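Here is a short tour of one protein chain, from its overall build down to a few of its packed elements. Have the sequence and the 3D view open as you read.

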Amino acid sequence: MTTRVTDAVAAAWRDLVDTARRSVTDGLVVGTSGNVSVRAGEDLILVTPSGVPYERLAPDDVTGVDRTGRQVLGHLVPTSELPTHLAVYEDTDAQAVVHTHAVHATAVSTLVDRLPLVHYMAAALGGQVRTAAYATYGTRELADNVRRALRDRTGCLLQNHGTLTYGATLAQAYDRTAQLEWMCQVWLAASGVPGLTPSLLTEAQVDTVADRLRNYGQPG
Ligand SMILES: [Zn+2]
């Protein structure tokens, strides 16, 4: 535990705690059922600790690991989903990762292996969102399933479990979770109307939007 809590690390921790608390007040997380992480240096990832309600997290609770998952900051046990967070940082250019058990997204994860293209905002997640196959929480198997579901995407559903998104910032990762939850709610609302079937977009239509988002300087 030789890593120092610099001003930058302390600020990143405040950001992480704010984002985690926002996931509760926005209704995306109930109790301690989610986790958040953010890169705070070349070989330092701050993570929410396991089983501590977000409103109880204090500045002194800063919890950090290196890229191999070895704890280098703090005394609280890191989130049980650490293997999945580390896999995302290893595979992608993620700077922040958000995991929730948001209700509509979790419901959809029990129904389909990819979210039907009900809305063009799928482009904000890189295209049609896949559902990672179920595996016990906290396992390497779940990390591998998420890895596969995230190929060319910035978010996925976790079967019978929840959501995972990443981004260039905590705000972007969080916004992608909120968009994903919203799209799942739209699909459930539309597909639940008896006798009617929602119209769906084509992958080409979503790709066109992805190009537009890129042209507006917002990474898709
Ligand atoms: Zn979970």
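## The chain as a whole

How much of residues 14-188 is helix, how much is strand, and how far apart are the end C-alpha atoms? Over that stretch, the chain is 33% helix and 19% strand, with 35 Å between the end C-alpha atoms. The range comes from UniProt, where an unreviewed entry lists residues 14-188 as "domain: Class II aldolase/adducin N-terminal". Do keep in mind that this is a predicted model.

The chain has six helices and eight strands. Its radius of gyration is 17 Å, close to the 17 Å that the globule rule gives for 220 residues, so the chain is as compact as a globular protein of that length. In sequence order, the elements follow the pattern α-β-β-β-β-α-β-α-β-α-β-β-α-α. Along the principal axes, the C-alpha atoms fill a box of roughly 60 × 35 × 30 Å. Of the 220 residues, 41% count as buried. Among contacts between residues at least 6 apart in sequence, 65% join residues at least 24 apart.

## The nonpolar core

Let us step inside. The largest nonpolar core has 55 residues, and those with the most contacts inside it are Leu16, Leu46, Ala96, Val97, Val146, Cys156 and Leu157. Helix H5 (residues 170-191) gives the most to this core, contributing seven residues.

Leaving aside residues up to four places away in sequence, Ala96 touches Ser37, Val38, Tyr166, Gly167, Thr169, Leu170 and Ala173.

Which way do S1 and S5 run, parallel or antiparallel? They run antiparallel and are joined by four bridges, with Asn35 standing opposite His99 in S5. S5 and S8 also run antiparallel, joined by five bridges; here Val97 stands opposite Tyr166 in S8.

## Strands S6 and S7

S6 and S7 run parallel, with two bridges joining them. Across this pair, Ala132 stands opposite Leu158 in S7. Both faces of S7 are covered, with buried Gly155 and Leu157 on one side and buried Cys156 and Leu158 on the other.

Now to the helices. In H4 (residues 140-149), the buried residues are Leu142, Ala143, Asn145, Val146 and Ala149. Seen down the axis of H4, they fall within an arc of 165°, so they line one face of the helix. Which exposed residues does the face of H4 turned away from its buried side carry? They are Arg140 and Arg148. The buried residues of H4 pack against helix H2 (82-91) and strands S6 (131-132), S7 (155-158) and S8 (162-167).

H2 has its own buried set: Leu82, Thr84, His85, Leu86 and Val88. What covers these residues includes strands S1 (35-41), S2 (44-47), S3 (64-65) and S5 (96-100), along with H4 and S8.

Note on methods
Residues are numbered from 1 along each chain as its sequence is written. This is a predicted model: local features need pLDDT of at least 70, side-chain atom pairs count only at pLDDT 80 or more; totals for chains, interfaces and linings use all residues. A nonpolar core is a set of buried Ala, Val, Leu, Ile, Met, Phe, Trp, Tyr and Cys residues joined through C-beta atoms within 7 Å. A residue is buried if 20 or more other C-beta atoms lie within 10 Å of its own, exposed if 12 or fewer, and partly exposed in between; C-beta atoms are placed from the backbone. Two residues are in contact if their C-beta atoms, placed from the backbone, lie within 7 Å. The arc is that of the directions from the helix axis to the C-beta atoms. The radius of gyration is taken over C-alpha atoms; the globule rule is 2.2 Å times the number of residues to the power 0.38. UniProt positions are given in the numbering used here, feature names are shortened, and annotations may be inferred rather than shown by experiment. Two strands pair if DSSP finds at least two bridges between them.
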